[in-house]
Each structure stands twice: as C-alpha cells, then as structure tokens.
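Reader: Hey, I'm new to this one. Can you put it up and walk me through it?

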Amino acid sequence: INQDRGIVVNFSKSTSHIHQTALFGVFDGHGKRGERVAEYVMHEIPNRLQHRLSDLDRSFSETYISVDAEIKRRPDMEPYHSGTTAVVAVLQGRKLSISNVGDSRAVIGRRREEGQGGSPTRYTLPGGPAVDLSQTRYESIPLTKDQNAKDPTERRRVLKSGGFVAEPLEPGLPARIYLDKECTLVGLAMSRSLGDHNMKQVGVLANPV
C-alpha cells in the first residue's frame with residue numbers, strides 16, 4: 001500500500017484579502033494504517049488553514065495539534081500504531097511560510113546569482129561523478145530540518161520523557177525511538193509526527209516547527 005500523499009491547493013479564489021495564495025503539502029504515512037492517517041491529514045490541514053492565514057505561526061501550531069487530537073479519536077486509523085509526517089508550505093504572494101513535523105523535507109531550487117562567491121566549485125554525487133558547480137545555474141536549499149533522535153534537542157526530550165534511542169545499524173539510516181530499554185517496541189524513525197499515539201508518552205510531539 002502506498003502510504004505517501006501530496007496536495008496542492010489554490011486558496012486565491014477563497015481568500016480575496018490575500019493575493020495569490022496556495023498551499024503545498026507532503027505527508028509520509030507509516031504503520032498499520034498510515035495511508036488513512038496521511039489521507040485524512042492531507043485534506044484536513046488545508047481545510048482548517050484556509051480561513052486562518054493571517055497569523056500562520058499560531059494557525060500552523062493549533063491546526064496540527066487539533067488534527068492530531070482528532071486522529072486519536074478515530075479507531076479506523078489505528079492511531080496508536082499509525083502516523084504520518086507533514087510538511088506544509090503556504091505561499092502568499094512572494095512570502096513562503098513552512099511548517100514541518102517529522103522527517104519529510106522541503107527544498108527550494110533557486111537560480112544561482114551570477115558571480116556568486118564563497119560556494120564550492122565542485123560537488124561529488126554519492127556513488128557518482130563530480131559536478132562542476134560553476135556550470136550549474138540552480139542550487140538546492142533545504143527549508144526544513146529533519147526531526148529525529150539524531151538532533152540533540154529532540155533526543156534529550158525523548159530520553160527525559162522515558163523513551164529509548166537506538167543508534168542506526170548502518171550509515172545513512174536514522175536513529176530510532178523505542179518504548180522499551182531492549183529497543184523492541186515500535187522503533188519510530190522521527191521524533192515528531194501526527195498519530196503514533198503510543199509514542200506520545202515518550203516525547204514524540206505533534207507540534208510543528
């Protein structure tokens with residue numbers, strides 16, 4: 001089952017007070033019914049945000065938390081054993097606001113400025129050839145930071161809440177969060193998510209950054 005979801009919503013027709021407003025979202029479901037959680041979140045976050053675009057810091061936070069609380073009341077989603085990431089960008093004219101829960105990532109491709117200094121001239125692709133950046137007209141810029149147990153602040157919260165962290169078995173894999181010292185229960189790869197209510201007791205948050 002494909003548990004990934006994505007959406008683009010044009011708010012411009014329904015928000016006349018804001019010129020050219022659109023929402024972009026990606027949701028990576030996981031667990032027993034991750035596809036149901038991701039599907040619900042994909043529709044519910046835009047529905048709740050579209051009339052609350054004047055104070056996005058507050059609106060993002062309150063929307064994520066209220067949607068997460070609703071998931072908990074939905075047994076059809078198996079909310080204790082299912083969840084999703086959520087990265088949502090709202091574009092208002094030339095202003096871009098982004099909220100993130102989990103380890104899905106927003107990246108922008110930007111045209112490189114002529115004569116840009118201080119940048120490396122070559123980049124070696126993993127397992128591939130070197131690229132001459134002086135001949136590249138675009139650059140990629142991460143706009144969000146993955147929320148997982150590798151991050152010291154996220155790790156401290158999980159450990160302080162009684163959770164356990166297992167280091168990755170090989171390079172490139174995430175540290176995982178567990179409910180038990182033996183690291184056999186769950187093994188969540190992110191420190192924030194919507195759903196996953198069995199992990200809320202060990203510091204896994206629905207609060208977006």
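Author: β2 and β4 pair in the antiparallel sense over 6 bridges. Helices (H or I, at least four residues) and strands (E, at least two) are DSSP runs, numbered from the N terminus, and two strands pair if DSSP finds at least two bridges between them. This is a predicted model, where local features need pLDDT of at least 70, side-chain atom pairs count only at pLDDT 80 or more, and totals for chains, interfaces and linings use all residues. Residues are numbered from 1 along each chain as its sequence is written, and side-chain values use heavy atoms, with hydrogens and water left out.

Reader: OK, what's the bridge partner of Ala22 in β4?

Author: That's Leu91.

Reader: And how many bridges join β4 to β5?

Author: There are 7, and β5 (residues 95-101) runs antiparallel to β4. Gln92 has Lys95 in β5 as its bridge partner. The two strands make a hairpin with 2 residues between them, and Gly93 in the turn has a positive phi of about 65 degrees.

Reader: Is β4 mostly covered or exposed?

Author: Mostly covered: 6 of its 7 residues are buried, meaning under 20% relative accessible area, with exposed over 50% and partly exposed in between (1.4 Å probe, protein chains only).

Reader: Which residues have the most contacts inside the largest nonpolar core?

Author: Phe27, Val41, Ile45, Tyr64, Ile71, Val88 and Leu194, in a core of 24 residues. Such a core is a set of buried Ala, Val, Leu, Ile, Met, Phe, Trp, Tyr and Cys residues joined through side-chain atoms within 4.5 Å. Two or more residues each come from β2 (21-31), α1 (34-49), α2 (56-72) and β4 (86-92), and α1 gives the most, with 7 residues.

Reader: What is Val88 in contact with?

Author: Leaving aside neighbours within four places in sequence, its contacts (heavy atoms within 4.5 Å) include Leu23, Phe27, Ile45, Tyr64 and Ile98. Apart from this core lies another, of 11 residues, among them Val165, Ile177, Met199 and Val204.

Reader: Switching topic: what's the strand order in the open sheet of 3 strands?

Author: β10-β11-β12, with antiparallel pairing. β10 (164-166) and β12 (186-188) are at the edges with a single partner strand each, so one side of each has no neighbour in the sheet. From one strand to the next, the twist averages 35 degrees.

Reader: Which helix packs on that sheet?

Author: Helix α3 (residues 152-160), touching β10 and β11. Its direction makes about 130 degrees with that of β10; axes are lines fitted to C-alpha atoms, for helices over the stretch in contact, and angles run from 0 to 180 degrees between N-to-C directions.
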